[in-house]
Amino acid sequence: MNIHEYQAKELLAKFGVGIPAGHAALTVEEAVEAAKKLPGPLYVVKAQIHAGGRGKGKFKELGPDAKGGVRLAKTLDDVKKDAEEMLGNTLVTVQTGDAGKQVNRLYVTDGVDIAEEYYLSMLVDRATGRVALIVSTEGGMDIEEVAHSTPEKITTITIDPAEGFMPHHGRAVAFALKLDGDLNKQAQKLSKQLYEAFMALDCEMLEINPLVETKPDSSGAANLLVLDTKMSFDGNALFRHKDVAALRDETEEDPAEVEASEYDLAYIKLDGNIGCMVNGAGLAMATMDIIKLNGAFPANFLDVGGGATTEKVTAAFKIILSDPAVEGILVNIFGGIMKCDIIADGIVAAAKEVNLSVPLVVRLEGTNVEKGKEILANSGLPIVPADDLGDAAKKIVAQVKEAA
Ligand code: ADP
Ligand code: MG
């Protein structure tokens with residue numbers, strides 16, 4: 001699960017992490033009120049969407065010369081104008097795809113006098129079973145590009161969760177960022193606080209880009225501040241973080257994926273035209289592979305789980321068909337926990353209810369498979385039966401080609 005920048009910053013602040021002051025706003029009036037609470041003279045109005053690249057993003061409704069989704073404002077009037085231009089409009093960034101995302105929330109924050117922009121992130125490295133802490137002096141820009149063309153500018157520090165965050169990890173971060181004196185100490189402290197937040201909140205990923213060093217103030221003191229952050233959480237751990245779960249913003253998620261989660265279906269939309277309904281993640285992966293092997297592309301990943309009831313199968317059909325790109329459906333179900341005849345009943349009932357308009361190939365295997373096939377054959381529906389996975393994939397690809 002992802003959350004907005006302002007929410008992530010509020011969470012991090014509880015761990016002592018330095019963030020610029022700021023307030024969220026849902027309306028133009030709230031944005032101006034938010035700015036009034038800040039000291040000024042520089043404000044930053046930031047679009048809150050679950051995607052990065054906002055600064056360089058473009059609003060669909062505004063011309064190509066209009067400013068992007070992160071704007072510096074020098075007066076309350078400018079804050080008002082920016083809020084008016086951003087709220088309700090669609091921001092397209094490198095991470096949103098062409099459709100973009102509608103901006104429904106803003107974050108109005110203190111303008112910071114930036115001396116340097118750094119990069120810092122943490123994620124669960126499944127290969128090592130450890131937390132990877134990634135830092136670079138090249139923050140603020142496209143980190144993928146830095147990793148690609150100048151990989152030596154990226155340092156990875158691994159932390160064994162059994163050992164925890166040690167002082168040497170903090171020193172390694174400060175060294176990689178080439179910081180001296182007080183800033184060096186700040187980097188050590190900050191990286192420890194971030195690790196504590198990462199573990200305590202069961203994060204999957206925490207990215208700070210940029211982490212900034214401020215220009216020295218009148219007394220010569222500079223600070224490290226988190227200027228932008230992205231945070232995502234392990235969905236399986238959310239049950240123990242009710243406060244984090246409450247931050248979910250479903251308007252930012254794919255509506256079909258939200259609906260699928262309500263039925264406890266694991267659904268992920270993909271780019272192809274063959275809808276898949278499968279039980280078990282492994283079988284779903286294999287089904288997608290074999291569709292590709294036959295020259296077509298899956299429209300989704302969908303795991304209906306072990307107990308595929310009629311209700312679930314119907315919901316799954318509706319979700320698959322809500323995708324206008326779907327030109328055929330392949331059902332591949334292994335009747336283990338559920339018997340094939342019960343699944344067949346579910347498929348027939350669901351196909352009738354949704355008024356199936358695209359070819360449907362069904363491959364059933366497992367307990368009571370003969371009974372199941374009989375039910376499909378006698379249903380009066382144009383269901384194409386398949387004997388095995390290879391046969392099923394060939395048939396659905398052929399059916400879709402024929403229908404085109
Ligand atoms: P995104 O990564 O989505 O483009 P950021 O929050 O990183 O959004 O903002 C983009 C750039 O805007 C930053 O790299 C930084 O240079 C500038 N910026 C963001 N927030 C502030 C701020 N509070 N004060 C000054 N500059 C800012
Ligand atoms: Mg950023």
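**Entry 1: terms and ground rules**

Axes are lines fitted to C-alpha atoms, for helices over the stretch in contact, and angles run from 0 to 180 degrees between N-to-C directions. Helices (H or I, at least four residues) and strands (E, at least two) are DSSP runs, numbered from the N terminus. I note that this is a predicted model, in which local features need pLDDT of at least 70 and side-chain atom pairs count only at pLDDT 80 or more, while totals for chains, interfaces and linings use all residues. Residues are numbered from 1 along each chain as its sequence is written, chains are lettered from A and ligands numbered from 1 in the order in which they are written, and side-chain values use heavy atoms, with hydrogens and water left out.

**Entry 2: helices α9 and α13**

I looked up helix α9 (residues 281-293) and helix α13 (residues 389-403), whose axes come within 9 Å and cross at roughly 50°. The two are therefore oblique to each other; angles under 35 degrees count as roughly parallel, over 145 as roughly antiparallel, 65 to 115 as roughly perpendicular and the rest as oblique. α9 passes α13 in a right-handed crossing, that is, the near helix is turned clockwise from the far one by less than a right angle, anticlockwise being left-handed.

Which residues of α9 and α13 make the contact? I listed A286, T287, I290 and I291 on α9, and L389, G390, A393 and V397 on α13. Contact here means heavy atoms within 4.5 Å. By class I found 6 nonpolar, 2 polar and no charged residues. In this scheme Ala, Val, Leu, Ile, Met, Phe, Trp, Tyr, Cys and Pro are nonpolar, Asp, Glu, Lys and Arg are charged, and the others, Gly among them, are polar.

**Entry 3: helices α10 and α11**

I then took helix α10 (residues 310-321) and helix α11 (residues 340-353), which pack at an angle of about 45° with their axes 8 Å apart. α10 and α11 are therefore oblique to each other, and α10 passes α11 in a right-handed crossing. On α10 the contact is made by T310, V313, T314, F317 and K318, and on α11 by G346, I347, A349, A350, A351 and E353. I sorted the contact residues of α10 with α11 into 6 nonpolar, 3 polar and 2 charged.

**Entry 4: the open sheet**

I traced an open sheet of 4 strands in the order β1-β7-β2-β4, with antiparallel pairing. Two strands pair if DSSP finds at least two bridges between them. The edge strands, β1 (22-25) and β4 (70-73), each pair on one side only. Neighbouring strands of this sheet are turned by 20° against each other on average, direction ignored.

Strand β2 (residues 43-47) is joined to β4 by 4 bridges, and V44 has L72 of β4 as its bridge partner. Helix α1 (residues 5-13) lies across β1, β2 and β7 (106-110), at about 50° to β7. Helix α2 (residues 28-36) packs on the sheet, touches β1, β2 and β7, and makes about 15° with the direction of β7.

**Entry 5: two covered strands**

I checked burial next, where buried means under 20% relative accessible area, exposed over 50%, and partly exposed in between (1.4 Å probe, protein chains only). Strand β13 (residues 229-233) has 4 of its 5 residues buried. It pairs with strand β11 (residues 203-214) in the antiparallel sense over 5 bridges, and F233 of β13 is the bridge partner of C203.

Strand β17 (residues 328-335) has 7 of its 8 residues buried. Strand β15 (residues 274-278) pairs with β17 in the parallel sense over 5 bridges, with M277 opposite V331. β17 also pairs with strand β18 (residues 360-366), again parallel, over 7 bridges, and G335 stands opposite G366.

**Entry 6: single residues**

Is S191 buried or exposed? S191 is buried, with a relative accessible area of 0%; this serine is found in helix α6 (residues 181-200). Leaving out residues up to four places away in sequence, I found that S191 touches M122, F165, G170 and V173. The C-alpha atoms of S191 and S121 are 9.7 Å apart, although 70 residues separate them along the chain.

I noted a cis peptide bond from G40 to P41, with omega near 0°; P41 lies in the loop between α2 and β2. The bond from N209 to P210 is also cis, with omega near 10°, and P210 is found in strand β11.

N355 is not a glycine but has a positive phi of about 55°. It sits in the loop between α11 and β18 and counts as exposed at 63% relative accessibility. N368, also not a glycine, has a positive phi of about 60°. N368 is in the loop between β18 and α12 (369-377) and is partly exposed, at 30% relative accessible area.
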